[in-house]
Amino acid sequence: MGLGGCIILIAAGAILTFATDWHMRGVNLDLVGIILMIVGLIGVSTFSGIARRRRVVVPPTTPVVEEERHHHRDGYIDGYGV
């Protein structure tokens, strides 16, 4: 279920809980609405956690080769006599 489906569950649950005054025998619509809102919130948190993990960029592990340049002149390294 995507983010849109989760938001629809939250909206439908809120409508059933807060905006209706229907009474059905054997069904508590307030409880059904609260359950829908909880399931929608769990879906949103799960979706955002998965989306956050997908955005993590791992740099490629390529070896770094450093070149050392030494100029040998007259037996000295880099001309400083060391």
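**View 1. Phe47 sits in helix 2 (residues 29–54).** Helices are DSSP runs of H or I with at least four residues, strands are runs of E with at least two, and both are numbered from the N terminus. The model is predicted: local features need pLDDT of at least 70, side-chain atom pairs count only at pLDDT 80 or more, and totals for chains, interfaces and linings use all residues. Residues are numbered from 1 along each chain as its sequence is written, and side-chain values use heavy atoms, with hydrogens and water left out. Phe47 counts as partly exposed because its relative accessibility is 33%. Buried means under 20% relative accessible area, exposed over 50%, and partly exposed in between (1.4 Å probe, protein chains only). Gly2 is 45 residues from Phe47 in sequence, yet their C-alpha atoms are 7.0 Å apart in space.

**View 2. Leu3, Ile7 and Phe47 form a nonpolar surface patch.** The patch covers about 250 Å². Patch residues have over 30% relative accessible area and no salt bridge; like charges are joined within 9 Å, and nonpolar side chains (Val, Leu, Ile, Met, Phe, Trp, Tyr) within 5 Å. A salt bridge puts a side-chain nitrogen of Lys or Arg within 4 Å of a carboxyl oxygen of Asp or Glu. Accessible areas come from the Shrake-Rupley method with a 1.4 Å probe; for residues, only the protein chains shown count as cover.

**View 3. Helix 1 has a buried set of residues: Cys6, Gly13, Leu16 and Thr17.** They lie on the same side of helix 1, because they cover an arc of only 95° around the axis. The arc is taken over directions from the helix axis to the C-beta atoms. Ile8, Phe18 and Ala19 are exposed on the other side of helix 1. Helix 1 runs over residues 3–19, and its 17 residues should span 24 Å at 1.5 Å a residue; the end C-alpha atoms are 23 Å apart, which agrees. The expected span is 1.5 Å times one less than the number of residues.

**View 4. Leu29 belongs to helix 2.** Leu29 is buried, with a relative accessible area of 10%. Leaving aside neighbours within four places in sequence, Leu29 is in contact with Leu16, Trp22 and Met24. Contact means heavy atoms within 4.5 Å. Ile15 is 14 residues from Leu29 along the chain, and their C-alpha atoms are separated by 9.8 Å.

**View 5. The whole chain holds two helices and two strands.** From the N terminus on, the order is α-α-β-β. Of the 82 residues, 15% are buried.
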